[in-house]
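Please keep the sequence and the structure at hand while reading.

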Amino acid sequence: MFLISKPYLMAAQIALGGTDLPAEDVSCLGFAIYHESRSESARGQKAVAHVVMNRVRDGRYPDTVCDVITQGGADTETGCQFSWWCDGVTDHPGDDEAWQEALTHAVAVLSGETRDPTSGALFFFLVDMPTPSWAEEMTQTAVIEDHRFYRP
């Protein structure tokens with residue numbers, strides 16, 4: 001799996017700074033933060049990370065960070081849960097500084113150092129996109145920078 005290839009695991013291990021979190025989780029969550037919210041503040045990036053973690057804890061989704069992020073695909077009925085994962089574009093982080101920042105936020109969220117600013121959201125979308133049909137059946141929990149957050 002690309003997300004946990006050796007160079008990305010090594011970067012995650014460095015970001016861990018001696019904590020005992022799984023490097024695979026840090027790498028996968030770092031990718032989600034990087035691809036979904038790297039242009040946002042720390043709060044916006046951590047909000048995206050908390051959605052992933054909320055899904056990990058919810059029985060309707062896989063129970064690991066990497067499995068939540070890579071759930072679905074172009075060949076399934078539901079498609080990818082995170083569009084960057086199966087959009088056909090390289091997932092290689094092109095901005096090293098933003099990648100390191102994403103890993104730092106991943107460690108903070110995984111270690112429980114941050115409070116969930118989304119109030120338990122399981123979904124999000126960009127504020128400048130048309131509202132998806134699924135959002136009409138959900139409760140909006142927050143608007144944080146570029147994203148609207150929802151839960152059932």
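In this predicted model, helix H5 is followed by glycine 112, whose phi is positive, near 80 degrees. H5 itself covers residues 96-110, and its 15 residues reach 21 Å from the first C-alpha to the last, close to the 21 Å expected at 1.5 Å a residue. At the start of the helix, a side-chain oxygen of aspartate 95 comes to within 3.1 Å of the backbone nitrogen of glutamate 97. The buried residues of H5 include Ala98, Trp99, Ala102, Leu103 and His105, and Ala106, Val107, Ala108, Val109 and Leu110 towards its end are buried as well.

**Overall arrangement**

The chain holds five helices and three strands, and from the N terminus on its elements run α-α-α-α-α-β-β-β. Of the 152 residues in the chain, 49% are buried. Among contacts between residues at least 6 apart in sequence, 60% join residues at least 24 apart.

**Aromatic pairs**

Seven aromatic pairs are found in the structure. In one of them, the rings of tyrosine 34 and tryptophan 99 have planes at 85 degrees, so the pair counts as edge-to-face, with the ring centres 6.3 Å apart. Because tyrosine 34 lies in helix H2 (residues 23-37) and tryptophan 99 in helix H5, this pair ties together parts that are 65 residues apart in sequence. Tyrosine 34 is buried, with a relative accessible area of 3%, and tryptophan 99, at 4% relative accessibility, counts as buried too. Another pair is made by phenylalanine 125 and tryptophan 134, whose planes stand at 85 degrees and whose ring centres are 5.9 Å apart, so that this pair is likewise edge-to-face. Here phenylalanine 125 counts as buried at 6% relative accessibility, whereas tryptophan 134 counts as partly exposed at 28%. Phe125 and Trp134 also belong to one aromatic cluster, together with Phe123 and Tyr150.

**Charges and rings**

**The salt bridge**

Side chains of opposite charge can pair when their charged atoms come close. A search of the whole structure finds one salt bridge, and in it arginine 60 is joined to aspartate 58, with the closest N and O atoms 2.7 Å apart. Arginine 60 is exposed, with a relative accessible area of 55%, whereas aspartate 58 is buried, because its relative accessible area of 16% falls under the 20% cut-off.

**Valine 52 and its surroundings**

Valine 52 lies in helix H3 (residues 42-57) and is buried, with a relative accessible area of 0%. Not counting residues up to four places away in sequence, valine 52 touches Leu29, Ala32, Val65, Val68, Ile69 and Phe82. The C-alpha atoms of valine 52 and phenylalanine 123 are separated by 8.8 Å, although these residues are 71 residues apart along the chain.

Notes: Residues numbered from 1 in each chain as written. Predicted model: local features only at pLDDT ≥ 70, side-chain atom pairs only at ≥ 80, totals over all residues. Heavy atoms only, no water. Helix = DSSP H or I, 4+ residues; strand = E, 2+ residues; numbered from the N terminus. Buried < 20%, exposed > 50% of the residue type's maximum accessible area, 1.4 Å probe, protein only. Contact = heavy atoms within 4.5 Å. Expected span 1.5 Å × (residues − 1). Polar contact = N/O pair within 3.5 Å; in protein donor to acceptor, adjacent residues only side chain to side chain. Salt bridge = Lys/Arg side-chain N within 4 Å of Asp/Glu carboxyl O. Phe/Tyr/Trp six-rings, centres within 6.5 Å; stacked < 30°, edge-to-face > 60°.
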